[in-house]
Amino acid sequence: MMKTSITLKFRPSVKLDKEGSLYYQLIFNRRVKHLNTPYKIKQSEWDDKNGCIIFSNVDPIRNHQLESIVCIIS
């Protein structure tokens, strides 16, 4: 039986003030593959526990950008 898993992951930047990258992790027959996306978010905008983007009440313009990313990657 073949099993496939696709998960959205976040890779933080090595520089503290820069945005990190979103990527997909694919697992098929116990082999792991990473597919990069062009989307960048801040460490504070990522929920490690639930594996999703966090929206802020502070900046409505940034929330709109994050909503656009969520629509595209979903």
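User: How many aromatic pairs does the count come to in this model?
Analyst: The model is a predicted one. Ring centres must lie within 6.5 Å to pair. By this rule the count comes to 1 aromatic pair.

User: Is the aromatic pair of phenylalanine 10 and tryptophan 46 stacked or edge-to-face?
Analyst: The ring centres of phenylalanine 10 and tryptophan 46 are 5.9 Å apart, with 25 degrees between the planes. Planes under 30 degrees apart count as stacked, so the pair is stacked.

User: How many residues apart in sequence are the parts that this pair ties together?
Analyst: Phenylalanine 10 belongs to strand β1, residues 4–11. Tryptophan 46 belongs to strand β4, residues 46–47, so the parts tied together are 36 residues apart in sequence.

User: Is tryptophan 46 buried or exposed?
Analyst: The relative accessible area of tryptophan 46 is 7%. Buried means under 20%, so tryptophan 46 is buried.

User: Which element gives the largest share of the largest nonpolar core?
Analyst: This core has 9 residues in all, among them Phe10, Trp46 and Ile73. Two or more residues come from each of β1 and α1 (60–73). The largest share, 3 residues, comes from α1.

User: At what distance from the ring centre of tyrosine 23 does arginine 11 lie?
Analyst: Arginine 11 is placed over the face of tyrosine 23. The distance from the ring centre is 4.2 Å.

Technical notes:
Residues numbered from 1 in each chain as written. Predicted model: local features only at pLDDT ≥ 70, side-chain atom pairs only at ≥ 80, totals over all residues. Heavy atoms only, no water. Phe/Tyr/Trp six-rings, centres within 6.5 Å; stacked < 30°, edge-to-face > 60°. Helix = DSSP H or I, 4+ residues; strand = E, 2+ residues; numbered from the N terminus. Buried < 20%, exposed > 50% of the residue type's maximum accessible area, 1.4 Å probe, protein only. Lys NZ or Arg CZ within 6 Å of the ring centre and 35° of its normal. Core = buried A, V, L, I, M, F, W, Y, C linked by side-chain atoms within 4.5 Å.
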